[in-house]
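Thanks for making the time this morning. I would like to walk through one model with you, going from the chains to the strands and then to the contact. Please have a look at it first.

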Amino acid sequence: MSRIRVLVGTRKGAFILTSDAARRDWQVAGPFFGGWEIFHIAGSPAHPDRLYASQSSSWFGQVIQRSDDGGLSWNPVGNDFTYAGDPGTHLHYDGTPRPWEFKRVWHLEPSPTDPDTVYAGVEDAALFRSTDGGASWHELPALREQQGAAWMPGAGGMCLHTILLDPTNPQRLYVAISAAGAFRSDDGGTSWRPINRGLHSQYIPDPEAEVGHCVHRIAMHPARPETLFMQKHWDVMRSDDAGGSWFEVSGNLPSDFGFAMAVHAHEPDTVYVVPILSDSEHYPPEGKLRVYRSKNGGNDWDALTDGLPQQHCYVNVLRDAMAVDTLPECGVYFGTTGGQVYVSADSGDHWQAIVRDLPAVLSVSVQTLP
Amino acid sequence: MGTQIDPATVRVVLPYPLYTLAQCAAELALAVPRPVTLAGVIDALEAAHPRLIGAVRDRTTGKRRPLVRFYACQDDLSNLAPDAPLPDAVAAGREPLLVVGAIAGG
(Lines give C-alpha, C1' and ligand atoms only; values in the text may rest on other atoms or scores of the structure.)
Protein backbone atom coordinates (compact mmCIF):
# COMPACT_ATOMS: atom_id res chain seq x y z
CA MET A 1 0.00 0.00 0.00
CA SER A 2 1.32 3.42 -0.89
CA ARG A 3 2.58 5.81 1.75
CA ILE A 4 3.06 9.55 1.75
CA ARG A 5 6.06 11.39 3.14
CA VAL A 6 5.83 15.16 3.42
CA LEU A 7 9.14 16.97 3.86
CA VAL A 8 8.69 20.30 5.60
CA GLY A 9 11.37 22.98 5.91
CA THR A 10 10.79 25.71 8.49
CA ARG A 11 12.54 28.70 10.00
CA LYS A 12 13.67 26.57 12.93
CA GLY A 13 14.15 23.05 11.67
CA ALA A 14 12.81 20.29 9.47
CA PHE A 15 9.83 18.02 10.02
CA ILE A 16 8.79 14.82 8.28
CA LEU A 17 5.09 13.97 8.15
CA THR A 18 4.02 10.48 7.13
CA SER A 19 0.72 8.80 6.44
CA ASP A 20 -0.81 5.90 4.63
CA ALA A 21 -2.69 6.51 1.40
CA ALA A 22 -5.83 7.60 3.22
CA ARG A 23 -3.97 10.73 4.35
CA ARG A 24 -6.12 11.15 7.45
CA ASP A 25 -3.80 10.06 10.27
CA TRP A 26 -0.32 11.49 10.33
CA GLN A 27 2.87 10.86 12.21
CA VAL A 28 5.05 13.89 12.83
CA ALA A 29 8.82 13.52 13.24
CA GLY A 30 11.17 16.35 14.07
CA PRO A 31 12.44 18.89 14.49
CA PHE A 32 15.56 17.86 12.66
CA PHE A 33 18.37 20.43 12.71
CA GLY A 34 16.47 22.41 15.36
CA GLY A 35 17.22 26.10 15.34
CA TRP A 36 18.46 26.17 11.75
CA GLU A 37 16.54 27.47 8.77
CA ILE A 38 15.66 24.62 6.45
CA PHE A 39 14.99 26.26 3.13
CA HIS A 40 14.20 23.05 1.29
CA ILE A 41 14.20 19.27 1.58
CA ALA A 42 13.79 17.09 -1.48
CA GLY A 43 13.80 13.38 -2.14
CA SER A 44 15.34 11.62 -5.11
CA PRO A 45 12.72 10.18 -7.46
CA ALA A 46 15.27 7.52 -8.41
CA HIS A 47 15.94 6.46 -4.81
CA PRO A 48 13.21 7.86 -2.55
CA ASP A 49 15.09 7.24 0.68
CA ARG A 50 17.83 9.56 -0.56
CA LEU A 51 16.94 13.00 0.79
CA TYR A 52 18.78 16.28 0.51
CA ALA A 53 18.23 19.21 2.87
CA SER A 54 19.43 22.79 2.74
CA GLN A 55 20.32 23.82 6.30
CA SER A 56 21.19 27.47 6.69
CA SER A 57 21.93 30.04 9.35
CA SER A 58 22.69 33.73 9.21
CA TRP A 59 25.25 33.04 11.92
CA PHE A 60 26.95 29.87 10.77
CA GLY A 61 26.33 29.65 7.05
CA GLN A 62 25.28 26.82 4.78
CA VAL A 63 25.17 23.09 5.41
CA ILE A 64 23.84 20.48 3.01
CA GLN A 65 22.54 17.39 4.76
CA ARG A 66 21.93 14.04 3.12
CA SER A 67 19.95 11.06 4.30
CA ASP A 68 20.03 7.62 2.73
CA ASP A 69 17.34 6.12 4.93
CA GLY A 70 14.36 8.35 4.40
CA GLY A 71 15.31 10.87 7.05
CA LEU A 72 16.07 8.55 9.97
CA SER A 73 19.71 9.65 9.93
CA TRP A 74 21.54 12.51 8.27
CA ASN A 75 25.09 13.47 7.46
CA PRO A 76 26.51 16.75 6.21
CA VAL A 77 27.94 16.62 2.70
CA GLY A 78 29.66 19.34 0.71
CA ASN A 79 28.95 23.01 1.33
CA ASP A 80 31.53 24.60 -0.96
CA PHE A 81 29.50 26.73 -3.37
CA THR A 82 32.32 28.64 -5.01
CA TYR A 83 31.30 30.46 -8.17
CA ALA A 84 33.11 29.46 -11.34
CA GLY A 85 36.05 31.67 -12.25
CA ASP A 86 35.85 35.36 -11.47
CA PRO A 87 32.12 35.82 -10.95
CA GLY A 88 32.23 39.59 -11.50
CA THR A 89 29.46 41.77 -10.16
CA HIS A 90 25.72 42.27 -10.16
CA LEU A 91 23.86 45.41 -9.15
CA HIS A 92 23.26 46.19 -5.52
CA TYR A 93 20.08 47.85 -4.24
CA ASP A 94 21.71 51.26 -4.64
CA GLY A 95 22.67 50.57 -8.25
CA THR A 96 26.36 50.08 -7.57
CA PRO A 97 28.23 46.95 -8.72
CA ARG A 98 28.42 44.27 -6.05
CA PRO A 99 30.62 41.17 -6.19
CA TRP A 100 28.69 37.91 -6.41
CA GLU A 101 28.60 36.40 -2.91
CA PHE A 102 27.16 33.03 -1.94
CA LYS A 103 24.62 33.30 0.85
CA ARG A 104 22.41 30.20 0.95
CA VAL A 105 20.75 27.40 -0.98
CA TRP A 106 17.08 28.06 -1.61
CA HIS A 107 16.09 24.99 -3.58
CA LEU A 108 17.37 21.49 -4.23
CA GLU A 109 16.19 19.54 -7.27
CA PRO A 110 17.31 15.91 -7.47
CA SER A 111 17.64 14.26 -10.86
CA PRO A 112 14.70 12.06 -11.82
CA THR A 113 17.06 9.25 -12.81
CA ASP A 114 20.29 9.48 -10.80
CA PRO A 115 20.20 9.74 -7.01
CA ASP A 116 23.71 11.20 -6.95
CA THR A 117 22.84 14.09 -9.24
CA VAL A 118 21.15 17.09 -7.67
CA TYR A 119 20.84 20.75 -8.62
CA ALA A 120 20.98 23.62 -6.16
CA GLY A 121 19.53 27.08 -6.69
CA VAL A 122 21.39 29.60 -4.58
CA GLU A 123 21.51 33.23 -3.48
CA ASP A 124 23.26 35.25 -4.96
CA ALA A 125 21.51 33.76 -7.93
CA ALA A 126 23.30 30.88 -9.57
CA LEU A 127 22.76 27.24 -10.40
CA PHE A 128 25.04 24.51 -9.06
CA ARG A 129 25.08 20.79 -9.77
CA SER A 130 26.48 17.86 -7.85
CA THR A 131 26.99 14.47 -9.45
CA ASP A 132 28.44 12.79 -6.36
CA GLY A 133 25.57 12.90 -3.92
CA GLY A 134 26.25 16.43 -2.74
CA ALA A 135 29.91 15.92 -1.86
CA SER A 136 31.03 18.54 -4.37
CA TRP A 137 29.21 21.28 -6.25
CA HIS A 138 30.00 22.93 -9.56
CA GLU A 139 28.37 26.03 -10.96
CA LEU A 140 26.76 26.16 -14.39
CA PRO A 141 28.09 29.65 -14.98
CA ALA A 142 26.61 30.44 -18.39
CA LEU A 143 23.34 31.28 -16.67
CA ARG A 144 24.85 34.42 -15.18
CA GLU A 145 25.95 35.50 -18.64
CA GLN A 146 22.29 36.34 -19.32
CA GLN A 147 22.79 39.97 -18.29
CA GLY A 148 23.76 38.88 -14.79
CA ALA A 149 25.76 42.07 -14.29
CA ALA A 150 22.43 43.94 -14.48
CA TRP A 151 20.51 41.71 -12.09
CA MET A 152 19.48 43.49 -8.91
CA PRO A 153 18.03 41.76 -5.84
CA GLY A 154 14.44 42.19 -4.80
CA ALA A 155 13.50 42.65 -1.18
CA GLY A 156 13.76 38.93 -0.51
CA GLY A 157 17.25 38.62 -1.93
CA MET A 158 18.55 37.62 -5.34
CA CYS A 159 17.73 33.97 -5.21
CA LEU A 160 17.42 31.18 -7.72
CA HIS A 161 14.37 29.48 -6.28
CA THR A 162 12.83 27.31 -9.00
CA ILE A 163 14.46 24.49 -10.96
CA LEU A 164 12.40 22.38 -13.36
CA LEU A 165 13.86 19.38 -15.15
CA ASP A 166 12.01 18.32 -18.28
CA PRO A 167 11.28 14.61 -17.72
CA THR A 168 11.09 13.96 -21.47
CA ASN A 169 14.28 15.78 -22.41
CA PRO A 170 17.27 15.53 -20.07
CA GLN A 171 18.93 18.42 -21.87
CA ARG A 172 16.16 20.89 -21.02
CA LEU A 173 16.15 22.78 -17.72
CA TYR A 174 14.22 25.80 -16.52
CA VAL A 175 15.15 28.09 -13.66
CA ALA A 176 13.55 31.17 -12.17
CA ILE A 177 15.26 33.96 -10.27
CA SER A 178 13.69 36.67 -8.16
CA ALA A 179 13.95 40.05 -9.87
CA ALA A 180 15.71 38.55 -12.89
CA GLY A 181 13.16 36.26 -14.52
CA ALA A 182 12.91 32.82 -16.08
CA PHE A 183 15.60 31.12 -18.12
CA ARG A 184 15.83 27.93 -20.16
CA SER A 185 18.67 25.70 -21.24
CA ASP A 186 18.32 23.16 -24.05
CA ASP A 187 21.79 21.71 -23.69
CA GLY A 188 21.98 20.52 -20.11
CA GLY A 189 22.93 23.88 -18.68
CA THR A 190 25.79 24.73 -21.01
CA SER A 191 23.95 27.72 -22.44
CA TRP A 192 20.83 29.63 -21.44
CA ARG A 193 18.28 32.05 -22.81
CA PRO A 194 15.85 34.35 -21.04
CA ILE A 195 12.25 33.26 -21.49
CA ASN A 196 10.34 36.31 -20.37
CA ARG A 197 8.53 37.45 -23.54
CA GLY A 198 4.97 38.40 -22.74
CA LEU A 199 5.65 39.30 -19.12
CA HIS A 200 4.65 42.83 -18.18
CA SER A 201 5.97 44.25 -14.92
CA GLN A 202 5.13 47.82 -13.96
CA TYR A 203 7.71 47.82 -11.18
CA ILE A 204 10.73 47.79 -13.51
CA PRO A 205 11.83 50.69 -15.76
CA ASP A 206 10.98 48.83 -18.98
CA PRO A 207 7.87 46.78 -18.14
CA GLU A 208 8.61 44.37 -20.99
CA ALA A 209 12.36 44.05 -20.52
CA GLU A 210 14.10 40.85 -21.49
CA VAL A 211 15.25 40.33 -17.90
CA GLY A 212 14.38 41.90 -14.55
CA HIS A 213 10.92 40.42 -13.94
CA CYS A 214 10.26 39.12 -10.46
CA VAL A 215 9.15 35.57 -11.09
CA HIS A 216 7.96 33.88 -7.91
CA ARG A 217 7.38 30.34 -9.11
CA ILE A 218 7.07 28.18 -12.21
CA ALA A 219 5.21 24.87 -12.34
CA MET A 220 5.00 22.15 -14.97
CA HIS A 221 3.06 18.94 -15.49
CA PRO A 222 5.45 16.10 -16.39
CA ALA A 223 3.16 14.79 -19.13
CA ARG A 224 3.05 18.17 -20.88
CA PRO A 225 6.39 19.79 -20.20
CA GLU A 226 6.07 22.50 -22.84
CA THR A 227 3.24 24.06 -20.87
CA LEU A 228 4.44 26.16 -17.97
CA PHE A 229 2.51 28.10 -15.37
CA MET A 230 4.05 31.06 -13.58
CA GLN A 231 3.15 32.97 -10.46
CA LYS A 232 4.82 36.30 -10.99
CA HIS A 233 5.19 39.11 -8.43
CA TRP A 234 1.87 40.21 -9.87
CA ASP A 235 0.07 38.15 -12.55
CA VAL A 236 -0.47 34.46 -13.08
CA MET A 237 0.92 33.51 -16.48
CA ARG A 238 0.97 30.56 -18.84
CA SER A 239 3.20 29.47 -21.69
CA ASP A 240 2.49 26.68 -24.17
CA ASP A 241 5.81 26.87 -25.95
CA ALA A 242 8.36 26.10 -23.25
CA GLY A 243 8.51 29.70 -22.13
CA GLY A 244 8.93 31.16 -25.60
CA SER A 245 5.96 33.42 -24.93
CA TRP A 246 3.64 33.98 -22.00
CA PHE A 247 0.06 35.10 -21.65
CA GLU A 248 -1.88 36.08 -18.57
CA VAL A 249 -4.38 33.66 -17.00
CA SER A 250 -5.15 35.56 -13.78
CA GLY A 251 -8.82 35.75 -14.79
CA ASN A 252 -11.16 36.06 -11.83
CA LEU A 253 -8.62 35.64 -9.03
CA PRO A 254 -9.25 38.03 -6.13
CA SER A 255 -5.56 38.97 -6.32
CA ASP A 256 -3.00 37.81 -8.83
CA PHE A 257 -0.15 38.43 -6.42
CA GLY A 258 1.18 35.33 -4.71
CA PHE A 259 4.03 32.92 -4.34
CA ALA A 260 3.04 29.26 -4.35
CA MET A 261 1.77 27.28 -7.31
CA ALA A 262 1.26 23.61 -8.19
CA VAL A 263 -0.16 21.48 -10.98
CA HIS A 264 -2.43 18.49 -10.37
CA ALA A 265 -0.60 15.16 -10.65
CA HIS A 266 -2.92 13.71 -13.29
CA GLU A 267 -4.65 16.68 -14.91
CA PRO A 268 -2.21 18.95 -16.75
CA ASP A 269 -4.81 21.72 -16.97
CA THR A 270 -5.61 21.76 -13.26
CA VAL A 271 -3.57 24.41 -11.50
CA TYR A 272 -3.48 25.70 -7.92
CA VAL A 273 -2.47 29.10 -6.57
CA VAL A 274 -2.90 30.87 -3.24
CA PRO A 275 -3.73 34.54 -3.83
CA ILE A 276 -2.00 37.00 -1.52
CA LEU A 277 -3.38 40.50 -1.13
CA SER A 278 -0.45 42.57 -2.39
CA ASP A 279 3.29 43.03 -2.51
CA SER A 280 3.21 44.84 0.83
CA GLU A 281 0.34 42.93 2.43
CA HIS A 282 1.59 39.36 2.46
CA TYR A 283 -1.62 37.71 3.63
CA PRO A 284 -4.78 36.42 1.98
CA PRO A 285 -7.45 38.85 0.79
CA GLU A 286 -10.23 39.42 3.34
CA GLY A 287 -8.40 37.31 5.92
CA LYS A 288 -9.66 34.15 4.17
CA LEU A 289 -7.17 31.44 3.37
CA ARG A 290 -8.29 30.21 -0.03
CA VAL A 291 -6.60 27.97 -2.53
CA TYR A 292 -7.78 28.76 -6.04
CA ARG A 293 -8.05 25.98 -8.60
CA SER A 294 -8.47 26.27 -12.31
CA LYS A 295 -9.45 23.10 -14.14
CA ASN A 296 -8.97 24.53 -17.59
CA GLY A 297 -5.47 25.91 -17.47
CA GLY A 298 -6.20 29.32 -16.00
CA ASN A 299 -8.55 32.28 -16.21
CA ASP A 300 -11.48 30.43 -14.59
CA TRP A 301 -10.67 29.96 -10.93
CA ASP A 302 -12.70 28.45 -8.11
CA ALA A 303 -12.05 29.13 -4.44
CA LEU A 304 -11.35 26.04 -2.33
CA THR A 305 -12.21 26.80 1.26
CA ASP A 306 -13.58 23.69 2.98
CA GLY A 307 -11.41 23.12 6.03
CA LEU A 308 -9.39 26.31 5.64
CA PRO A 309 -9.79 29.32 7.97
CA GLN A 310 -12.20 31.83 6.51
CA GLN A 311 -11.78 34.65 8.95
CA HIS A 312 -8.92 36.44 10.69
CA CYS A 313 -6.26 34.54 8.75
CA TYR A 314 -3.17 36.57 7.93
CA VAL A 315 -0.54 33.99 7.07
CA ASN A 316 1.49 33.75 3.89
CA VAL A 317 2.24 30.72 1.73
CA LEU A 318 5.77 30.91 0.41
CA ARG A 319 6.91 29.92 -3.06
CA ASP A 320 8.29 26.48 -2.26
CA ALA A 321 5.56 25.58 0.21
CA MET A 322 3.02 23.85 -2.05
CA ALA A 323 3.20 20.39 -3.59
CA VAL A 324 1.13 17.44 -4.78
CA ASP A 325 1.34 13.69 -4.37
CA THR A 326 0.77 11.21 -7.19
CA LEU A 327 -1.82 8.92 -5.65
CA PRO A 328 -4.81 8.18 -7.92
CA GLU A 329 -6.83 10.80 -6.05
CA CYS A 330 -4.28 13.58 -6.11
CA GLY A 331 -3.31 15.03 -2.76
CA VAL A 332 -2.47 18.71 -2.46
CA TYR A 333 -0.34 20.13 0.35
CA PHE A 334 0.78 23.55 1.50
CA GLY A 335 2.42 25.14 4.51
CA THR A 336 2.01 28.61 5.94
CA THR A 337 4.13 31.16 7.71
CA GLY A 338 1.85 30.54 10.68
CA GLY A 339 3.17 27.01 10.98
CA GLN A 340 0.22 25.08 9.60
CA VAL A 341 0.59 22.33 7.01
CA TYR A 342 -2.65 21.52 5.22
CA VAL A 343 -3.55 18.50 3.12
CA SER A 344 -6.39 17.82 0.75
CA ALA A 345 -6.74 14.17 -0.18
CA ASP A 346 -9.28 14.95 -2.90
CA SER A 347 -7.60 17.40 -5.26
CA GLY A 348 -8.46 20.41 -3.14
CA ASP A 349 -12.14 19.91 -2.38
CA HIS A 350 -11.64 19.37 1.36
CA TRP A 351 -8.72 20.31 3.59
CA GLN A 352 -7.41 19.38 7.00
CA ALA A 353 -4.46 20.59 9.01
CA ILE A 354 -1.80 17.94 9.52
CA VAL A 355 -0.01 20.19 12.03
CA ARG A 356 -0.89 23.67 13.22
CA ASP A 357 1.96 25.04 15.27
CA LEU A 358 5.25 24.51 13.50
CA PRO A 359 7.70 27.37 12.99
CA ALA A 360 7.04 29.38 9.84
CA VAL A 361 7.00 26.97 6.91
CA LEU A 362 9.49 27.70 4.15
CA SER A 363 9.00 24.65 1.97
CA VAL A 364 6.86 21.59 1.47
CA SER A 365 7.69 18.70 -0.81
CA VAL A 366 5.92 15.37 -1.08
CA GLN A 367 7.00 11.84 -1.83
CA THR A 368 4.58 9.11 -2.87
CA LEU A 369 6.19 5.91 -1.70
CA PRO A 370 5.35 2.36 -2.82
CA MET B 1 69.50 22.67 13.65
CA GLY B 2 66.25 24.34 14.72
CA THR B 3 64.50 23.77 18.01
CA GLN B 4 61.20 21.91 17.87
CA ILE B 5 58.51 23.94 19.67
CA ASP B 6 55.59 21.98 21.03
CA PRO B 7 52.20 23.23 19.92
CA ALA B 8 50.01 24.93 22.46
CA THR B 9 46.90 23.24 23.79
CA VAL B 10 44.09 25.74 23.39
CA ARG B 11 40.65 25.34 24.89
CA VAL B 12 37.81 26.33 22.57
CA VAL B 13 34.17 26.52 23.61
CA LEU B 14 31.63 26.18 20.82
CA PRO B 15 28.00 27.32 20.75
CA TYR B 16 25.22 24.74 20.62
CA PRO B 17 24.60 24.94 16.84
CA LEU B 18 28.25 24.22 16.10
CA TYR B 19 28.98 21.42 18.54
CA THR B 20 25.79 19.67 17.50
CA LEU B 21 26.68 20.12 13.82
CA ALA B 22 30.19 18.77 14.45
CA GLN B 23 28.88 16.10 16.83
CA CYS B 24 31.62 16.91 19.32
CA ALA B 25 31.92 18.18 22.87
CA ALA B 26 31.09 21.80 23.62
CA GLU B 27 34.64 22.39 24.86
CA LEU B 28 37.57 21.15 22.82
CA ALA B 29 41.29 21.04 23.46
CA LEU B 30 43.10 21.78 20.22
CA ALA B 31 46.79 21.57 19.41
CA VAL B 32 47.68 24.91 17.85
CA PRO B 33 51.10 25.95 16.51
CA ARG B 34 52.82 28.80 18.29
CA PRO B 35 52.43 31.72 18.26
CA VAL B 36 48.77 31.10 18.95
CA THR B 37 46.52 33.20 16.71
CA LEU B 38 42.86 33.22 15.73
CA ALA B 39 43.78 31.87 12.30
CA GLY B 40 45.79 29.08 13.89
CA VAL B 41 42.98 28.13 16.24
CA ILE B 42 40.41 28.05 13.44
CA ASP B 43 42.77 26.07 11.23
CA ALA B 44 43.05 23.49 14.00
CA LEU B 45 39.31 23.55 14.63
CA GLU B 46 38.48 22.94 10.96
CA ALA B 47 41.12 20.22 10.66
CA ALA B 48 39.73 18.38 13.66
CA HIS B 49 36.09 18.93 12.66
CA PRO B 50 35.70 19.42 8.89
CA ARG B 51 31.94 19.85 9.30
CA LEU B 52 32.74 23.29 10.66
CA ILE B 53 34.53 24.48 7.53
CA GLY B 54 32.70 27.60 6.46
CA ALA B 55 30.69 27.88 9.69
CA VAL B 56 33.04 30.18 11.59
CA ARG B 57 34.82 31.97 8.76
CA ASP B 58 34.10 32.36 5.08
CA ARG B 59 35.74 29.52 3.24
CA THR B 60 36.74 31.73 0.32
CA THR B 61 37.84 34.97 1.94
CA GLY B 62 38.86 33.58 5.32
CA LYS B 63 37.01 36.41 7.05
CA ARG B 64 35.09 35.83 10.24
CA ARG B 65 31.41 35.33 9.51
CA PRO B 66 29.70 38.61 10.44
CA LEU B 67 27.55 37.15 13.23
CA VAL B 68 30.28 35.07 14.86
CA ARG B 69 32.16 36.53 17.83
CA PHE B 70 35.36 35.46 19.59
CA TYR B 71 35.64 36.23 23.29
CA ALA B 72 38.38 35.41 25.80
CA CYS B 73 39.52 36.77 29.15
CA GLN B 74 36.38 38.95 29.21
CA ASP B 75 37.50 40.75 26.05
CA ASP B 76 35.94 40.81 22.60
CA LEU B 77 38.65 39.56 20.25
CA SER B 78 36.40 39.35 17.21
CA ASN B 79 38.19 42.07 15.31
CA LEU B 80 41.68 41.00 16.21
CA ALA B 81 43.81 40.46 13.13
CA PRO B 82 43.78 36.74 12.25
CA ASP B 83 47.55 36.53 12.62
CA ALA B 84 47.79 38.56 15.85
CA PRO B 85 48.79 36.65 18.99
CA LEU B 86 45.98 35.65 21.34
CA PRO B 87 46.33 36.43 25.07
CA ASP B 88 48.88 34.36 26.94
CA ALA B 89 46.13 32.88 29.14
CA VAL B 90 44.48 31.42 26.03
CA ALA B 91 47.76 30.15 24.59
CA ALA B 92 48.55 28.55 27.94
CA GLY B 93 45.15 26.90 28.20
CA ARG B 94 44.18 28.76 31.38
CA GLU B 95 41.32 30.56 29.67
CA PRO B 96 39.14 29.25 26.84
CA LEU B 97 38.47 30.98 23.56
CA LEU B 98 34.71 31.33 23.30
CA VAL B 99 33.09 31.10 19.86
CA VAL B 100 29.76 32.87 20.20
CA GLY B 101 26.79 33.49 17.96
CA ALA B 102 26.18 37.22 18.04
CA ILE B 103 23.12 38.54 19.79
CA ALA B 104 20.48 39.25 17.18
CA GLY B 105 16.85 39.88 17.69
CA GLY B 106 14.35 42.42 18.77
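What you are looking at is a predicted model, in which local features need a pLDDT of at least 70 and side-chain atom pairs count only at pLDDT 80 or more, whereas totals for chains, interfaces and linings use all residues. Residues are numbered from 1 along each chain as its sequence is written, and chains are lettered from A and ligands numbered from 1 in the order in which they are written.

As for confidence, pLDDT is the predictor's confidence in each residue, from 0 to 100; chain B averages 94 on that scale, and 94% of its residues score at least 70. For the complex, the predictor gives an ipTM of 0.92 and a pTM of 0.96.

Now to chain A. Helices (H or I, at least four residues) and strands (E, at least two) are DSSP runs here, numbered from the N terminus, and on that basis chain A has zero helices and 30 strands. The radius of gyration, taken over C-alpha atoms, is compared with a globule rule of 2.2 Å times the number of residues to the power 0.38; for chain A the radius is 19 Å, close to the 21 Å that the rule gives for 370 residues, so chain A is as compact as a globular protein of that length. Its C-alpha trace spans about 50 × 45 × 40 Å along the principal axes.

I will call a residue buried if 20 or more other C-beta atoms lie within 10 Å of its own, exposed if 12 or fewer, and partly exposed in between, with C-beta atoms placed from the backbone. By that count, 52% of the 370 residues of chain A are buried.

Why do I describe strand β1 (residues 3-10) of chain A as largely enclosed by the rest of the structure? Because seven of its eight residues are buried. Two strands pair if DSSP finds at least two bridges between them, and β1(A) pairs in the antiparallel sense with strand β30 (residues 361-369) of chain A over eight bridges, A:Thr10 having A:Val361 as its bridge partner in β30(A). On β1(A) there is also an antiparallel pairing with strand β2 (residues 13-20) of chain A, again over eight bridges, and these two strands form a hairpin with two residues between them.

Strand β10 (residues 104-110) of chain A is also largely enclosed by the rest of the structure, because seven of its seven residues are buried. Six bridges pair β10(A) with strand β11 (residues 118-123) of chain A in the antiparallel sense, and A:Leu108 stands opposite A:Ala120 in β11(A).

Turning to the interior, a nonpolar core is a set of buried Ala, Val, Leu, Ile, Met, Phe, Trp, Tyr and Cys residues joined through C-beta atoms within 7 Å. The largest such core has 135 residues, and those with the most contacts inside it are A:Ile218, A:Met322, A:Tyr333 and B:Val41. Strand β22 (residues 257-263) of chain A supplies the largest share of this core, six residues. Setting aside residues up to four places away in sequence, A:Met322 touches several residues, including A:Ala260, A:Tyr272, A:Tyr333 and A:Val364.

Chain B has three helices and five strands, running β-α-β-α-β-β-α-β from the N terminus. Buried residues make up 26% of its 106 residues, and its C-alpha trace spans about 55 × 25 × 25 Å along the principal axes. One example is B:Ala91, in helix α3 (residues 88-91) of chain B, which counts as buried because it has 21 C-beta neighbours inside 10 Å.

Finally, how many residues does each chain bring to the contact? Chain B and chain A each give 13 residues. Helix α1 (residues 16-22) of chain B gives the most to the side of chain B that touches chain A, with three residues.

Terms used:
Contact = placed C-beta atoms within 7 Å.
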